[in-house]
Amino acid sequence: MKLFSLFTRKAGTTSDTADTKPPAEYEGMVTHVNDEYVAGWAWNRAQPDEVVEVLAETGGSTKRVRADRSLYMLLKKRMGSGNHSFKIRYAALGMPADGR
């Protein structure tokens, strides 16, 4: 299973000119793996208010999830608003609950 590709889509916008945005500086980490889900955080350091989407792939199934959930640890580390966490349930990928 390939877990996670990061890409962005600014919420509420349909087009941005490439020359007005600084180069992306993506960072992320998987922080929890259990029998029901995988969770973590992802953000673009160059655009801290931008919503980053996480793409989970397994077999022929893919799922996009917005990394926009609040996580106090991120706020405490001054990572933008702290709203950069995600959770992907295995069932959403059509996988058994244990992720295998």
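This is a predicted model: local features need pLDDT of at least 70, side-chain atom pairs count only at pLDDT 80 or more; totals for chains, interfaces and linings use all residues.
Residues are numbered from 1 along each chain as its sequence is written, and side-chain values use heavy atoms, with hydrogens and water left out.

**Overall make-up**

- The protein has one helix and seven strands, where helices (H or I, at least four residues) and strands (E, at least two) are DSSP runs numbered from the N terminus.
- Going along the sequence, the pattern reads β-β-β-β-β-β-α-β.
- Of the 100 residues in the protein, 33% are buried (under 20% relative accessible area, with exposed meaning over 50% and partly exposed in between, using a 1.4 Å probe and protein chains only).
- The accessible surface comes to about 6,300 Å², and carbon and sulfur atoms own 49% of that (Shrake-Rupley method with a 1.4 Å probe; for residues, only the protein chains shown count as cover).
- Take the contacts (heavy atoms within 4.5 Å) between residues at least 6 apart in sequence: 52% of them join residues at least 24 apart.

- Strands of a sheet pair through backbone hydrogen bonds, either parallel or antiparallel; here, two strands count as paired if DSSP finds at least two bridges between them.
- Strand 2 and strand 3 run antiparallel and are joined by seven bridges, and these two strands form a hairpin with three residues between them.
- In that pairing, histidine 32 stands opposite alanine 39 in strand 3.
- Next along, strand 3 (residues 37–44) and strand 7 (residues 83–89) run antiparallel with five bridges between them.
- Across that pairing, valine 38 has isoleucine 88 as its bridge partner in strand 7, and tryptophan 41 stands opposite serine 85.

- Strand 3 is mostly covered, with eight of its eight residues buried.
- Tyr37, Ala39, Trp41 and Trp43 point one way from the strand, while Val38, Gly40, Ala42 and Asn44 point the other way.
- Lysine 87 lies over the face of tyrosine 37, at 4.2 Å from the ring centre (the test is NZ of Lys or CZ of Arg within 6 Å of the ring centre and within 35 degrees of the ring normal).
- Searching the whole structure for aromatic pairs turns up zero (rings of Phe, Tyr and Trp, using its six-membered ring, pair if their centres lie within 6.5 Å; planes under 30 degrees apart count as stacked, over 60 as edge-to-face and the rest as tilted).

**The nonpolar core**

- The largest nonpolar core has nine residues: Ala42, Val52, Val54, Ala56, Val65, Ala67, Phe86, Ile88 and Leu93 (a core is a set of buried Ala, Val, Leu, Ile, Met, Phe, Trp, Tyr and Cys residues joined through side-chain atoms within 4.5 Å).
- At least two residues of this core come from each of strand 4 (52–58), strand 5 (61–67) and strand 7, and strand 4 gives the most, with three.

**Two residues up close**

- Tryptophan 43, in strand 3, is buried, with a relative accessible area of 4%.
- Leaving aside neighbours within four places in sequence, tryptophan 43 has contacts including Glu25, Tyr26, Val52, Met79 and His84.
- Tryptophan 43 and histidine 84 are 41 residues apart in sequence but 6.0 Å apart in space, C-alpha to C-alpha.
- Arginine 45 lies in the loop between strand 3 and strand 4 and is partly exposed, with a relative accessible area of 43%.
- With neighbours within four places in sequence set aside, arginine 45 is in contact with Glu25 and Glu27.
- From arginine 45 to tyrosine 26 the separation is 19 residues in sequence and 6.3 Å in space, C-alpha to C-alpha.
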